[in-house]
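Q: I have a sequence and a model open side by side. Can you show me how to read the fold?

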Amino acid sequence: MIRVYEAENIIDAQLALDELRAGGLDAFIKGQHLTGGAGELPLSGVVSVWISIDQHEQRALDIIRDYETGKKTQHPVRQCGSCKETIDGNFGRCWNCGKWLDS
Ligand SMILES: [Zn+2]
C-alpha cells in the first residue's frame, strides 16, 4: 500500500478517490474515522488516500497531479449569494446557510 494523497478534508479525499477509481486503480481512504461527528470538517492532514498496489504509484500520482491542477483552475473560491460566506469551489452548496450555489 502506498499513500498517494494527503487530503484537506473528507470531501477532498472522496473527490481524489473518485478520480483514482475512474482511472482503474484500487484506492481507498484512511483516517476518516478520526474526523469526529457527522457534519464536522476534519482537521487537516488526518485524511489520506492510498492505493493497494504499489506498482500503480506512478499512474496514481499522475492522476492526483491532474486532480490538483483541475481543482485550482476549475473551482475558484466563491461567495454565497445569500449569507456572503466564502465557499471553497469544491462545494456546490453553502456550508453556512445551506443554499445551493449557481454554477
Ligand atoms: Zn450561505
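Q: Leaving aside its neighbours within four places in sequence, which residues is Ala16 in contact with?
A: One point before the reply: this is a predicted model. Beyond its neighbours within four places in sequence, Ala16 is in contact with Tyr5, Ala7, Val49, Ile64 and Tyr67.

Q: Which residues touch the most other members of the largest nonpolar core?
A: Start with the general idea. Nonpolar side chains tend to be buried together in soluble globular proteins. In this chain, the largest nonpolar core has 13 residues, and Ala16, Leu20 and Val49 touch the most other members. At least two core residues come from each of strand E1 (2-7), helix H1 (10-22), strand E3 (47-51) and helix H2 (57-74).

Q: How many helices and strands are there in the chain?
A: Two helices and five strands. Read from the N terminus, the elements run β-α-β-β-α-β-β.

Q: In what order do the strands of the three-stranded sheet lie?
A: General idea again: strands of a sheet pair through backbone hydrogen bonds, either parallel or antiparallel. Here the sheet is open, its order is E1-E3-E2, and the pairing is antiparallel. E1 and E2 are the edge strands, each pairing on one side only. On average, neighbouring strands of this sheet are turned by 30° against each other, direction ignored.

Q: Where does H1 pack?
A: On the sheet, where H1 touches E1, E2 and E3. The direction of H1 makes about 15° with that of E3.

Q: How many bridges join E1 to E3, and how many join E2 to E3?
A: E1 and E3 are joined by five bridges and run antiparallel. Look at Glu6: its bridge partner in E3 is Ser48. Strand E2 (residues 27-30) is joined to E3 by four bridges, also in an antiparallel run. On that side, Ile29 stands opposite Val49 in E3. Ala27 stands opposite Ile51 in E3.

Q: Which residues of E3 are on the covered face, and which on the uncovered one?
A: Val47, Val49 and Ile51 form the covered face. Ser48 and Trp50 form the uncovered one. Val49, on the covered face, is in contact with Ala16. Ser48, on the uncovered face, is the bridge partner of Glu6.

Q: What share of the chain is buried?
A: Buried residues make up 17% of the 103 residues.

Q: And what share of the contacts with a separation of 6 or more joins residues 24 or more positions apart?
A: Such pairs account for 47% of those contacts.

Technical notes: Residues are numbered from 1 along each chain as its sequence is written. This is a predicted model: local features need pLDDT of at least 70, side-chain atom pairs count only at pLDDT 80 or more; totals for chains, interfaces and linings use all residues. A nonpolar core is a set of buried Ala, Val, Leu, Ile, Met, Phe, Trp, Tyr and Cys residues joined through C-beta atoms within 7 Å. A residue is buried if 20 or more other C-beta atoms lie within 10 Å of its own, exposed if 12 or fewer, and partly exposed in between; C-beta atoms are placed from the backbone. Two residues are in contact if their C-beta atoms, placed from the backbone, lie within 7 Å. Two strands pair if DSSP finds at least two bridges between them. Axes are lines fitted to C-alpha atoms, for helices over the stretch in contact, and angles run from 0 to 180 degrees between N-to-C directions.
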